[in-house]
Amino acid sequence: MKIPALNESELAPFLNREELIRLTAEQIIKDFEWFNEEIKFSGNSEKAYEELFSQIEPFIKKLISANYQKLLIVLYRIDVSEKRIAEAVNKSENISAEITRLIIFR
């Protein structure tokens, strides 16, 4: 049995749940520790997206320009699908912001 994928609109009702936000932040912190990149989360669920985004996006931007192979490894490790990455690259002028968004919503 194949489990259907959720899209972001289906996740919307859960985005303000503090437990889900905390768990998401913990997973992102753990994922980026793997690459010696420190991500911090204050615990403020109202500012979580902005807080995480502002730390992840510069790292992604740096990888896009300096080490694309490592970027692919990071995305593979974090489990962002190649299809979603390709869609992001094709539809957005700000690729680093779009990839960061995908990481957080993943």
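**Salt bridges and their surroundings**

Reply: Happy to! Let's start with arginine 22 and glutamate 26, whose side chains meet in a salt bridge, with N to O at 2.4 Å. Keep in mind as you look around that this is a predicted model. Both residues belong to helix α2 (residues 18-33), and because they are four residues apart there, about one helical turn separates them. An α-helix has 3.6 residues a turn, so residues three or four places apart point the same way. Arginine 22 counts as partly exposed, because its relative accessibility is 32%. Glutamate 26, at 39% relative accessibility, is likewise classed as partly exposed.

Now follow helix α2 along to aspartate 31. Aspartate 31 forms a salt bridge with arginine 106, and the closest N and O atoms are 2.3 Å apart. This pair links distant parts of the chain, since arginine 106 lies in the segment after α6, 75 residues from aspartate 31.

Nine of its 11 residues are buried, so α6 is largely enclosed by the rest of the structure. Among those buried residues are Glu98 and Arg101, and glutamate 98 forms a salt bridge with arginine 101, the closest N and O atoms being 2.5 Å apart. They are three residues apart in helix α6, so about one helical turn lies between them. Glutamate 98 has a relative accessible area of 11%, which means it is buried; arginine 101 also counts as buried, at 17% relative accessibility.

Glutamate 98 and arginine 101 also take part in the packing of α6 (residues 95-105) against α5 (residues 82-91). The two helices pack at an angle of about 145 degrees, with their axes 9 Å apart, and their crossing is right-handed. On the α5 side, Arg84, Ile85, Ala88, Val89 and Lys91 meet Ile95, Glu98, Arg101 and Leu102 of α6. These contact residues divide into five nonpolar, no polar and four charged.

For contrast, look at glutamate 51 in helix α3 (residues 48-66). Glutamate 51 is buried yet has no salt bridge, and the nearest side chain of opposite charge, lysine 47, is 9.3 Å away. Leaving aside residues up to four places away in sequence, glutamate 51 touches Lys40, Phe41 and Ser42. Altogether, the count of salt bridges comes to six.

Conventions
Residues are numbered from 1 along each chain as its sequence is written. This is a predicted model: local features need pLDDT of at least 70, side-chain atom pairs count only at pLDDT 80 or more; totals for chains, interfaces and linings use all residues. Side-chain values use heavy atoms; hydrogens and water are left out. Axes are lines fitted to C-alpha atoms, for helices over the stretch in contact, and angles run from 0 to 180 degrees between N-to-C directions. A crossing is left-handed if the near helix is turned anticlockwise from the far one by less than a right angle, and right-handed if clockwise. Contact means heavy atoms within 4.5 Å. Ala, Val, Leu, Ile, Met, Phe, Trp, Tyr, Cys and Pro count as nonpolar, Asp, Glu, Lys and Arg as charged, and the others, Gly among them, as polar. Buried means under 20% relative accessible area, exposed over 50%, partly exposed in between (1.4 Å probe, protein chains only). Lys and Arg count as positive and Asp and Glu as negative; His and the chain ends are not counted. A salt bridge is a side-chain nitrogen of Lys or Arg within 4 Å of a carboxyl oxygen of Asp or Glu.
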